[in-house]
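Hi everyone, thanks for coming. Today I'd like to walk you through the charged side chains in one protein structure. Have a look at it first.

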Amino acid sequence: MTVRIFFIMGMLILNVNQVRAGDEIPTEIAGITQVSSNTVNFYVGSNDWADVHYKINGGKQRNLRMELSGNGNRFELNNLSRGDEISYRFTYWGSEGHAVVTSVKNYTLQSDQVKDTDNDGVIDSIDQCPTTRKGASVNEVGCELDSDNDGVVDSLDQCPNTQSGQAVDTNGCEVATEMTGIEQVGSDTVNFYVNNNAWADVHFKVNGGRQRNIRMLESGHGNHFQLNNLSIGDSIVYSFTYWTGKSATDTESKTYTLESSSVNDTDGDGVIDRIDLCPNTRPDVVVNEVGCEIGPEIDTDGDGINDAIDQCENTPTGTSVNEFGCPINSTDITPLFNADTILEPSVISETNYAVITRFADRGRDRHAKEDHFQAYDHYLSHYWTHRTARFKFVDTVAKGGSDIEITFVTEWKLGVKEFRAWYRGIGTVAEYHGNYENHVQEIANGTFDDNLELISTDGEQYKYRLTIDEYVALDGTRRNLAVGQYMEIEVSQFLDNAPEGRDNYYGTTYLYQVGVGGMVPWKTVGDFADQSSERENSYPIDESAWLGGKTTLPYQYTAEPDNHFMQMATNLSSINGQPFVLGRRVHHTDMITGMHDESVKNGVFDVLKNIAGTHYVNSSCSSCHARNGRAPVADVGEALDKWVFKVADSKGNPHPLIGSVLQSNNVGIAEQDSEGGVVLGAWSESNGLRSPNYEFSKNRPAKLSARLAPQLVGLGLLEAVSEEVILQREDPQDTNQDGISGRPQKVTDPVTGEARLGRFGYKAGASSLKHQIAGALNTDMGVMTSVLPNPDCGAEQKNCNNSQGAELSDENLDNLVKYIALLGVRPQRDIEQQQVIVGKQKFNAIGCESCHRDTMQTSSYAPFAELRDQTIHPYTDLLLHDMGTGLADNLGEGQATGAEWRTAPLWGLGLSACVTGGVIDVDRNKRGDEVCSPDASYLHDGRARTIDEAILWHGGEAQTSNDNYQNLSRGDKQALIAFLRSL
């Protein structure tokens with residue numbers, strides 16, 4: 001038997017794990033065992049699921065899924081007191097193949113002696129510091145606390161609130177440091193430093209040589225850059241440019257000469273004596289940059305989690321663990337991506353002489369800052385043919401050079417070879433200082449590879465090149481390029497007699513970061529009407545608002561509120577521009593008629609014609625996902641052909657006359673062989689909240705789950721998050737007793753048969769974006785793919801097209817996947833407004849972030865470069881949560897019960913109503929006079945008409961947050977809603 005104590009949320013919790021692998025299971029099938037003075041263990045000797053239902057001293061009943069292992073099901077209840085009375089019963093899946101409910105029993109907690117010699121609240125068996133002074137604050141293993149983590153225990157710390165990362169003396173007080181400077185840290189090495197909390201650049205020359213300009217490494221300790229391989233006597237001239245929080249500042253140049261090679265390190269800790277603030281440190285301890293020991297971080301089991309917070313002490317080496325150090329429940333889950341995954345080329349790469357950026361563009365109708373045309377973000381006819389371009393920026397400034405060589409390949413020859421850069425904005429908001437038309441050279445034509453090298457003289461592509469070697473400020477001032485400058489560009493595609501559609505197009509407006517590489521989402525500063533201001537000059541959006549990482553789009557300035565969810569990711573790779581628009585072509589094609597839904601000029605796509613059916617819900621992807629947003633709810637009495645109705649018989653099996661999804665439309669079969677239809681019945685309403693009713697024309701299923709078509713942006717980023725990151729938040733037994741017990745969904749890969757982590761769909765029923773899309777094609781449109789080659793048919797169903805095999809090619813499926821995966825995410829808005837700032841604080845304070853996780857990092861193994869290694873803010877944990885009876889239906893999915901739903905992502909929440917509703921033309925004779933026609937609906941079935949209603953529907957695990965929300969003041973509620981609308 002092992003006994004452990006740990007702290008959770010300031011509470012001392014005794015955790016005694018009495019039954020281990022190999023121990024004998026109690027002979028009684030279900031019961032309770034007291035394992036310490038304040039802890040009991042519920043157990044059920046079943047090899048399937050089990051739930052425990054209990055009350056303490058007649059209080060509120062709790063219902064929890066128990067933890068299943070080889071020893072049956074277990075759940076530990078802590079924080080009890082002697083004399084507490086527990087009434088309990090169990091529900092479990094019995095060996096006879098049905099659920100068993102036990103009778104209610106009672107247990108009264110008995111006394112128990114647990115020894116604690118030094119009386120510090122940590123029992124002797126796990127106390128790593130058994131002689132702690134009386135009254136000292138200790139951690140969960142009985143050692144004194146270091147609350148501010150400065151390496152000095154609280155009892156000796158004279159400055160108890162030192163900022164994280166600040167150098168301190170032996171009393172725990174800050175050591176004064178200069179803002180910028182240089183320090184010699186070895187016989188051939190110096191360290192440049194800037195003590196700020198934002199970016200910083202160092203500019204230096206060694207012995208009068210070529211100047212180098214380097215972006216420094218930012219950390220919690222400020223910015224640093226080490227220069228190595230120097231020699232004694234070397235002279236270094238240096239200066240810095242850094243962000244003060246309001247503006248950039250340049251320091252004066254200084255000179256440093258490398259000192260004698262006899263750089264002393266008396267205590268051998270790797271920090272030279274001159275800057276060592278703790279000169280007698282043992283050489284075997286870990287120290288910070290000023291030579292002082294970093295606080296005790298013991299990791300006995302080597303799982304990467306400090307023993308001080310490790311709740312599972314003997315984790316086997318190599319086991320993936322969560323933030324509490326406990327094994328992640330993924331032993332039978334196969335990751336989507338790993339070290340063997342084939343990766344697409346990086347968008348930004350680096351050589352010895354340059355930083356290289358490769359990106360894609362498309363033709364546009366107008367310019368990005370023109371709100372009077374409302375004609376920038378939409379798509380023109382023939383957008384997938386001859387109207388994309390691939391770019392390569394070779395930026396030498398990052399490596400001490402002076403120019404940027406720009407190469408680009410178009411899908412058709414250009415007439416006017418325009419390349420515009422450096423915003424001016426005097427005559428129009430589309431005016432630039434530099435139009436490099438006369439500098440653009442035509443290099444070759446034919447067919448070019450991914451590196452823009454000619455591989456064949458056959459083909460319609462054309463390659464162009466120019467060089468930019470100067471920076472032009474808003475006022476026209478010209479100077480040399482330098483690291484950190486921002487260059488706004490727009491490349492128009494004026495085609496030379498294209499074979500279809502019109503010839504003249506503008507391009508996307510990008511903001512390029514000189515010397516760093518990559519395009520950044522931008523905002524405008526100033527008002528064009530005020531010519532004394534910056535006239536809508538572009539600046540980077542603060543990174544805290546980049547909801548979709550580097551895929552994040554700029555703010556929209558063209559007054560097109562319905563087009564937010566249709567745009568290419570800002571960092572779209574040069575290899576994916578054409579697949580993106582080809583995938584969009586599939587998305588907008590009616591797979592019965594072959595027609596494109598946006599323009600008759602786009603003609604019929606024969607390869608996609610007549611492949612939907614025999615049974616289907618709708619015949620194109622875009623018919624349900626309006627402009628890639630949510631589907632509208634429909635009026636009472638209308639057919640629900642933008643919904644998915646998952647159905648089953650009374651035992652939860654696919655309906656014998658329908659299959660697993662109700663497909664209300666059909667091709668070429670008699671009405672008696674159809675699956676029937678469903679319309680929206682009258683709403684039921686109670687206390688201001690409504691819920692839908694459904695009327696079936698035939699075959700009303702015993703069990704059903706109705707889901708409205710969701711919005712599509714950000715799905716590729718959610719796929720790119722590793723299983724390990726998602727499972728950090730799983731807590732099926734609510735071990736931290738916060739009332740939140742997120743569970744992972746496990747699904748079977750339809751191609752390989754492997755167990756995967758579910759993440760897509762309202763109940764996380766699909767593990768990958770490709771599988772989710774193939775599933776929608778199969779059940780919603782009746783289109784077979786190589787992933788799901790068989791139709792969805794009931795066992796007794798007639799005329800169900802039982803033919804097998806793919807009807808949509810893998811190429812078209814892969815392009816469709818890329819289109820959905822690489823859609824850009826709009827940034828958070830109004831981030832500087834006090835109401836939004838307060839709203840986010842309330843969002844966290846009332847517990848919403850416990851499920852709507854605000855930040856995750858995508859995997860370095862994600863195959864699409866645009867999605868790899870991104871910090872994103874989706875506001876979901878991708879786990880299943882019990883949302884209470886109010887939102888429950890009677891049909892589970894996979895391991896999800898009818899009451900469990902995957903946490904919905906919140907990015908795009910404030911834009912969705914206008915995307916779904918579209919725009920109305922106020923005056924058809926006035927160009928650009930269109931306004932939003934909002935159609936707001938929230939939750940899986942659109943029942944909530946407002947965000948407030950959606951919150952009020954939250955029950956189950958979210959009930960506490962709901963209660964907290966209702967207890968907020970009117971102003972705080974408004975602030976929270978304002979924050980949600982900003983996403």
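Predicted model: local features only at pLDDT ≥ 70, side-chain atom pairs only at ≥ 80, totals over all residues.

Okay, salt bridges. Side chains of opposite charge can pair when their charged atoms come close. Searching the whole structure turns up 26 salt bridges. Take Arg-420 and Glu-490, whose side chains meet at 2.6 Å, N to O. Those two link distant parts of the chain: Arg-420 sits in strand β25 and Glu-490 in strand β31, 70 residues apart. Are they buried or exposed? Arg-420 is buried, at 11% relative accessible area, and Glu-490 is buried too, at 1%.

Now, which partners does Arg-945 have? One is Glu-685, with the closest N and O atoms 3.4 Å apart. That pair spans 260 residues, from the loop between β52 and α9 to strand β41. Another is Glu-949, at 3.1 Å. Glu-685 counts as exposed, with 52% relative accessibility, while Glu-949 counts as buried, with 9%.

So what about Asp-889? Asp-889 is buried but has no salt bridge, and the nearest side chain of opposite charge, Lys-763, is 4.3 Å away. The cut-off is 4 Å. Asp-889 does have a polar contact of 2.5 Å with the side chain of Ser-705.

Last stop, the surface. Glu-218, Asp-542, Glu-543 and Glu-832 make up a negative patch. Glu-832, in the loop between α6 and α7, is exposed at 67%. There's also a nonpolar patch of Ile-920, Val-922 and Val-931, with about 240 Å² of accessible area together.

Terms used:
Residues numbered from 1 in each chain as written. Heavy atoms only, no water. Patch = residues over 30% accessible without salt bridge, like charges linked within 9 Å, V, L, I, M, F, W, Y side chains within 5 Å. Areas by Shrake-Rupley, 256 points an atom, 1.4 Å probe, with all protein chains shown as cover. Lys, Arg positive; Asp, Glu negative; His and termini not counted. Charge placed at Lys NZ, Arg CZ, Asp CG, Glu CD. Helix = DSSP H or I, 4+ residues; strand = E, 2+ residues; numbered from the N terminus. Buried < 20%, exposed > 50% of the residue type's maximum accessible area, 1.4 Å probe, protein only. Polar contact = N/O pair within 3.5 Å; in protein donor to acceptor, adjacent residues only side chain to side chain.
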